[in-house]
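Biologist: Could you take me through this model slowly, and tell me what each term rests on?

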Amino acid sequence: MKENRLKLITKILAILIICLISFAGVYVQNENSKKMTNGVIGYKLSKDLQGYRQIVLEVSDATKVLDKDGKLIGNTDDYSDSSIESNEYTKTSDVVNTEDVLNVENYQICRDIIEAKLNNFKLKEFSDDVIDNAATIQDYNISVNKENGLIYIQIPETSKKDAAGNTKCNYTDYVVSTLTNIGGLELRDSETDEVFLTEEHVKNVEAICNNTGSGAYVYLQIEFDKFGTDKLKELTSGEYATVEDEKDEAAEEPDKEENEGEATEESNKEEKENSEDKKSEENSNKEKSEDETSEENDEDEDEEKKNQKELALYISGREVITQSFDEPLEDGKIALSINNKAMTDVDTIDQYLYSVSTTATILNSGKMPILYKVQENQYVASELTNNETRNIIIITATIVIMLIALAYMIIKHKASGFLSAISFIGFVATYLLLLRLANVTISLEGIVSIGLILVINYLFNMLLLKNKQDEKKKLYKEVILKMVPIFAISIIFTLVGWGVLNSFGMCMFWGIILLVVYNWIVTNKLID
Amino acid sequence: MKKKYIIIAIICLIIIAGVVVWKTQGFNKELQYSSRKQIQLGNSTRVDINDVEEIYAEVVGNDTRHFIQEVEIFGNSVSIVSENMTEEQRDQIVDKFNEKYNGKLEKDKVPVISIGFTRVKDVLKNYILPAGIITIVVILIYFFIRFKNIGWKKVLLKTVGIPVLAELFMFSLIAICRIPFGRISLAIGVGIYVATIAILTNNFENERKKLQENESKA
């Protein structure tokens, strides 16, 4: 009898300790600040409960900017007055957004493209680091003012963290960088500007990392659709194929290709890398003799260049590469190499991959008919949780409801009801601790899910109190079977990339697991 | 049995009324999903949200829906989001703000930003595929296998019909009673959907048990 009582007291004490850790925390002195800080991991809250990045985009009033040769190179949003002056560019009075494009239909198209960017956004990475909160980037709110085209966006503040928990990059900043980029892709003749292919013929764009023995190369791979593939094959095997003499020159002058456009075909990349060192040595030896013969060859080269037709690739209205092709592109894929030398530093590779992933997102989401600029881009605290009085009222009301329910349990089942009530409080404490340790993001849906789990646990405890010891196994089996559908729902929601439902699913998933395990180990034994 | 039909009739009537209200007046969307005006006030010192709340109440009044948010993490800037705000009201708010904090905020540098509303279909579409379609299909497959003795027609009708009716009933009440439609109501909507599935499972399990007992008796 005494032994049983001791066991019972030990169990109750264990529950109380869990309650203390979960509700009050474990305070330890910080070595640096000498302040007492809570050692228990904090709650991870969603944007609706914590805060979010608020971005306001307005229709740009930028005018076109031309280079020395009168070629369009951008707009006044891209170049400051000082850079225009120093580079001898010309600022025109032609606005980028003409009157005819500023209409409700185009405002809506821009809104939809921005939404596509938010949905498509994914930062590819080389390292195995964790992208903290990445799934919740889809937890956005977007609206457009149809009178002036102003677009308002809310996205969660998200960062990428390494294994040690240090922030590596601000995920949200990369997302923001895609929003005003107009997008679009064109494959043109470099001389006549005749457009052969546009973004409409693009099937998919993605960032690719090719890891060779000497290091990694990052590519932007553009895959065209059926029409695009056929057209590309036709162009690269026809008049845009490299003229024989040029091919020889290219072999002799490996640096030339790099200077021209920082891009080659992916299949040629490895070969080029291996031969690079040898060629650089050869080049230095040949330098002198080349100088002597260069003057004689200059005229011939100019002539050949005139005959050699080249394709120019434009991304977001800017020329990225101009080149002819040694071999026809038959698979409809163009891979633009971003780095000329193999990279070995993981952080550098990641930075390149982030940049290319951002471009891929822009190209996969479509071309915006209107140029926008950022009017506001700032972090804003949630208005749902900034009212302390309201928070206290909600928490107090929840505790009161819980206490009434537990009082009913105690009145109805006396001593075993009291023990079950203690177990219930222990369940709440363990559940809240588990959600923090499992790194679950708590959203409003997550709170509803927690509420549901607590109700189910209460009903289950009442059933346990009603049933005799020998019937409990049967009861457990019944309850587990009854929870199969909602457990399936929780898994589906957990797998959904959308943060709101993900939070609901995660809270429910851990709740159901804990409910079965905790009640079997703790409640059941305590009531006995 | 009669009672059951009366309850169903009442639910149907509420749903019809809800649809009528939704079609004629729409939902009473929460401010985050409605058309709204926004201004931002900043200072070099700390800004107290309660002070700004008082200034807003003096100028615009508390009848207009609004909220005040802290901007960035330095505590010296706030954003006022209101259902309606004129430029004159903005001027008065800036004057009172300057007076309170000895600030030099210029009215022209505090633009009144007009934010458009969020469409209900844009808000709901993310819930429809995972919550509405995928889960129902998975649960139906499970129910068809486990409760085959109940009859597939009954299982299908109840599994699809009851959650849909429950959601329609909830959103009808929100439309009729002019309860703000927004993040909290949507979260409760998801909760009701899962709770309905849990209750349905419980009922089907009990029915299955009864049928098995009857079969064994027979």
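Modeller: Chain B has six helices and four strands, where helices (H or I, at least four residues) and strands (E, at least two) are DSSP runs numbered from the N terminus. This is a predicted model, in which local features need pLDDT of at least 70 and side-chain atom pairs count only at pLDDT 80 or more, while totals for chains, interfaces and linings use all residues. Residues are numbered from 1 along each chain as its sequence is written, chains are lettered from A and ligands numbered from 1 in the order in which they are written, and side-chain values use heavy atoms, with hydrogens and water left out.

Biologist: Why is the pair Lys125(B) and Glu115(A) called a salt bridge?

Modeller: The rule asks for a side-chain nitrogen of Lys or Arg within 4 Å of a carboxyl oxygen of Asp or Glu. The closest N and O atoms of Lys125(B) and Glu115(A) are 3.0 Å apart, so the pair meets the rule. Across the interface of chain A and chain B the rule finds five salt bridges.

Biologist: What makes residues of chain A and chain B count as in contact?

Modeller: Contact means heavy atoms within 4.5 Å, and by that rule 46 residues of chain A are in contact with 52 residues of chain B.

Biologist: How do you know how the radius of gyration of chain B stands against a compact globule?

Modeller: The radius is taken over C-alpha atoms, and the globule rule is 2.2 Å times the number of residues to the power 0.38. For 218 residues that rule gives near 17 Å, but chain B has 26 Å, and the C-alpha trace of chain B spans about 90 × 35 × 25 Å along its principal axes.
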